[in-house]
Amino acid sequence: MTGPSEVQHLLKIIAQAANDALNEYARHGEEVPSIYETKTHPLDIAETAFTLKKAIRTLEGACNQLCSTLAPPLHTVINNAHDYYWSCLRVAAKQGLADILYDHQGGLHIEVLSQRLGINQDKLATIMRTLASRHCFREVAKDVYANNRLSLALRSQTPGAAFLDLQTCEGQQAAFYFQRYLDDPTYGPSTDLKHTAFTYSISGFQGTFYDWIKQNVMTRGMSGMNQVMGTLSILEVFPWEKYSTICDVGGGNGSFTWPLIQKYPALKVTMFDLPETIAAAEKVATQKINVNHVEFSSGNFFEKSPPHNLDIYYLRNIIHNWPDKSAVSILESVGKAMGNNSRLLIPYSLDKVGTNSSEMEELSYHIVQAPLPMLPDFGYGNMRLHNQDLTMLFMYNSKERTVVELMSLSQDAGLELSNVWDLGETAVLEFTKSNNRSG
Ligand SMILES: C[S@@+](CC[C@H](N)C(=O)[O-])C[C@H]1O[C@@H](n2cnc3c(N)ncnc32)[C@H](O)[C@@H]1O
């Protein structure tokens, strides 16, 4: 394809994806609100909005490719290197700016905001201008800022707040040290959990990222990430009603178990996790669900298998933060628990299949590819997955794996891929015991 023809194709893709998104909003009862409004839409908080997510994946990927094609290369590269937006988002979130403005629909003057927050007025003005330039807060009159659709997502009780906190603090800190870390003769080549870019960034620290963060910070961060990525779409897509017993392996704070039981009260769900996590989950369970539907089982999956012979074993956000050897051990541990008819479900970053299509062609399962001239994995449309891949590297010396890599690890653990459930931004891979090793 020539450059001009790529641009024409991208424009068509963008128009189609934008119309798909508009239709999806309308299908859910209301038109998409203007970005200048503070109006919410049911799809804003729907964790199962996977049709919208698919349209946005295409739209963001194609828009980014269009701009990168037409702008001078140095313009694009420097724009990416020169991005401080996250830093302003952090200030706004930590200072509760959206919470303050929530009570002032007409907005507040920068002088008043500056006094409320105890931040120098000129500095705050720079921050607000940067945020408003990307449609987060709105300058309703000269130096008067109010909330809009995007800034409302920064309110302290939103599910993304803890995730934003983790990413803009520990995540960015590790990112800053990453290049120096790679050059370090001890840390750079190591795959040890104590030798990650993050641990390198903390002078004198000897532990792992797990040691650094408190469990509750982690689980709150996870909940936010899961909501943003729409992993709960599996509740709509997978035929849960066909099964009776489920094990949520490493179920954490129950952010999958509780909605599962609410939607499918006939299921019996066992949460399996480390003793301290199970104790905490048991405490909150009574407020969330009918506890008769859930069993709690504690153990370390490296030492003990989850309860045996259940219909489904569900491993969300479990494998990706472990290096290959440990990941295989976890899969083996679950494999030992599985009966011949059990299924293992692993939510997964569907399009992390590389930016070249050759690997996809090896797969017998249909994996969604972006239309040409886009990259097969949607490029920037899957930005968060690529960032997530780096997060795993920075924090755990691990990675998000391609389908082929995950299939290979599963094979080592005696499991084989039997289905792929597409959820838009993510997917769920379904495994059964390999025929030749079952029993
Ligand atoms: C990243 S969190 C994922 C939580 C949950 N599945 C979710 O998606 O929100 C990882 C979970 O694995 C659990 N975990 C870590 N090591 C474990 C082990 N050795 N045995 C059992 N569970 C473990 C942690 O306690 C935590 O709840």
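Buried means under 20% relative accessible area, exposed means over 50%, and partly exposed lies in between (1.4 Å probe, protein chains only). This briefing applies those words to salt bridges and to one surface patch. The model is predicted: local features need pLDDT of at least 70, side-chain atom pairs count only at pLDDT 80 or more, and totals for chains, interfaces and linings use all residues. Residues are numbered from 1 along each chain as its sequence is written, and side-chain values use heavy atoms, with hydrogens and water left out.

**Salt bridges: the rule and the count**

- A salt bridge here is a side-chain nitrogen of Lys or Arg within 4 Å of a carboxyl oxygen of Asp or Glu.
- By this rule the count is eleven salt bridges.

**Arg90 and Asp165**

- Arg90 and Asp165 form a salt bridge through their side chains, at 2.9 Å from N to O.
- The pair links distant parts of the chain: Arg90 is in helix 4 (residues 85-94) and Asp165 is in helix 9 (residues 161-183), 75 residues apart.
- Helices (H or I, at least four residues) and strands (E, at least two) are DSSP runs, numbered from the N terminus.
- Arg90 has 18% relative accessibility, so it counts as buried.
- Asp165 has a relative accessible area of 28%, so it is partly exposed.
- Lys94 joins Arg90 and Asp165 in a network of salt bridges.

**Arg343 and Glu430**

- A salt bridge joins Arg343 to Glu430, and their closest N and O atoms are 2.6 Å apart.
- Arg343 lies in strand 8 (residues 343-348) and Glu430 in strand 10 (residues 427-433), so the pair ties together parts 87 residues apart in sequence.
- Arg343 is partly exposed, because its relative accessible area is 22%.
- Glu430 is buried, because its relative accessibility is 5%.

**Lys399 and Glu405**

- Lys399 and Glu405 meet in a salt bridge between their side chains, at 3.3 Å from N to O.
- Lys399 counts as partly exposed at 32% relative accessibility.
- Glu405 is partly exposed too, with a relative accessible area of 30%.

**A nonpolar surface patch**

- Patches are made of residues with over 30% relative accessible area and no salt bridge; like charges are joined within 9 Å, and nonpolar side chains (Val, Leu, Ile, Met, Phe, Trp, Tyr) within 5 Å.
- Ile35, Tyr36 and Leu150 form a nonpolar patch on the surface, and together they have about 250 Å² of accessible area.
- Accessible areas come from the Shrake-Rupley method with a 1.4 Å probe; for residues, only the protein chains shown count as cover.
- Ile35 sits in the loop between helix 1 (3-27) and helix 2 (50-70).
- Ile35 counts as partly exposed, because its relative accessibility is 30%.
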